[in-house]
Amino acid sequence: MYALVDGNNFYVSCERVFQPALNSVPVVVLSNNDGCAIARSNEAKALGIAMGAPWFQIKHLEASAGLVALSANFGLYGDMSDRMMRLAAALGPRQEIYSIDESFIDLAGVRGDLVERSHAIRSRILQGTGIPCGIGIGRTKTLAKLANHIAKTAERKPGSYPEQLAQVCNLESLSVPERDAVFAATPVGEVWGVGRQISKKLLTGGVNTVQDLLRLDLATVRRQFSVVLERTVLELRGTPCIELEHMAQAKKEIACTRSFGRPITELHHLNEAVTEFASRAAEKVRKQQGMAAQVLVYIRTSPFRKDDRQYSRSVTVPLRRPSADTAVLVQSALRGLSSIFVEGFRYAKAGVMLLDLQSDRVQQGELDLENDQTEDRSRLMLAMDTLNRRFGKGKVHLASAGLAGNQRTWSMRQERRTPGYTTCWADIPIARA
DNA sequence: TCTGGGGTCCTAGGACCC
DNA sequence: TCTGGGGTCCTAGGACCC
């Protein structure tokens, strides 16, 4: 048995903790560059704002419907997430942190009434962090996800499901007819693993609800779709195919990509951006004690600007040997960039990815033919990471990264950023009696 | 004027091998 | 007219997730 604990409208809820005036007001949190809505309060959803809606298309709701939009404050959300996860972990013996606002809990061996216990944990999270969450319980991770969806929908849209399923939904505690009714009332697209494309194909074949999907023949599913969907169907029937990942796995690739605040035409600006992205990625790979054997760099124009001539290229640069050294990774990325850069385009986005990652503890032995300084270099990187952690991101960087943040022409827009309430001493709220 | 960022897994097809 | 069979490895692209 698994539970899925998931924060409601997570980013919006984080902001509301520190700005209670936002409660019961339609609120969205915008992606980097203030580009599109990546979190919506229930009131914002009720206004018909879709996930990922471009800000410039919904901006008019500010004046007409009192919509409040905030720039994403990921530092705050990460910290709130840690607090929520620690409280959620008390629900069972093992926890898998699946995303910033979701964790699976293995309920094996947990005694007593699971629904009651879940409500208690839910209250503790609400009290301790201010974040409301939903809890779904099922025999497999897919069923727990589905139960979570039902718990949240039952709360948000009264009448959609039986009232007692709101906030906490345990599918195992339902009778067979009750469960069938719930499955028949749930669109197939809500299932974990069924996205837009598969959903479309299923609907064409007359498979509309979870109940329909569950009854499909396994071999047919495999033939017409894939083993992935076959597993999903099995999971819906109660056969576990996806295990809980208790230990966080090392990443297999690490990316740092950004859209620019305005189009870039000049190579030296791209050089700055790519230096910055490769440096960030290098930090991340060192943090997981890894090294990369290949560096991928890409640049592209904006596909949304139909009138612009389009260009999109990427190149993978193999390293002579795996490295986590900022200078090595930046140099490779810049070399790649110069090989794909073409003059005359309005570039909207660039990115660096580190591929073929491996542990830095397994080093390929090698004859020291070129005055090996690996030891010194990794001490230098350690010093750089320590300084940047202590004094702020990017305080120590390579010269090719260019000017300090706010002087760059390509920096992303973030016009509605809230303070670092829990992560920055200067921003800590003051309580008054 | 303005459309995010960071991941994973699977599959198909090509290169290459015997 | 007819042109093997079976395997591995790699890559690109597509689908999904949040």
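User: Lys and Arg count as positive, Asp and Glu as negative; His and chain ends are not counted. Which residues gather in a patch of positive charge on the surface?
Analyst: This is a predicted model, where local features need pLDDT of at least 70, side-chain atom pairs need 80 or more, and totals for chains, interfaces and linings use all residues. Residues count from 1 along each chain, chains are lettered from A and ligands numbered from 1 as written, and side-chain values use heavy atoms, without hydrogens or water. Patch members have over 30% relative accessible area (1.4 Å probe) and no salt bridge (Lys or Arg nitrogen within 4 Å of an Asp or Glu carboxyl oxygen); like charges join within 9 Å, nonpolar side chains within 5 Å. The positive patch holds Arg258, Lys284, Lys393 and Arg417.

User: Is Arg417 buried, partly exposed or exposed?
Analyst: Arg417 lies in the segment after H15. Buried means under 20% relative accessible area, exposed over 50%. Arg417 has 45%, so it counts as partly exposed.

User: How much accessible area does the nonpolar patch of Leu387, Phe391 and Val396 have?
Analyst: Leu387 sits in helix H15, residues 374–391. At 37% relative accessibility, Leu387 is partly exposed. Together with Phe391 and Val396, the patch has about 240 Å².

User: How many helices and strands does chain A have?
Analyst: Helices are DSSP runs of at least four residues, strands of at least two. Chain A comes to 15 helices and 13 strands.

How values were computed:
Salt bridge = Lys/Arg side-chain N within 4 Å of Asp/Glu carboxyl O. Buried < 20%, exposed > 50% of the residue type's maximum accessible area, 1.4 Å probe, protein only. Charge placed at Lys NZ, Arg CZ, Asp CG, Glu CD.
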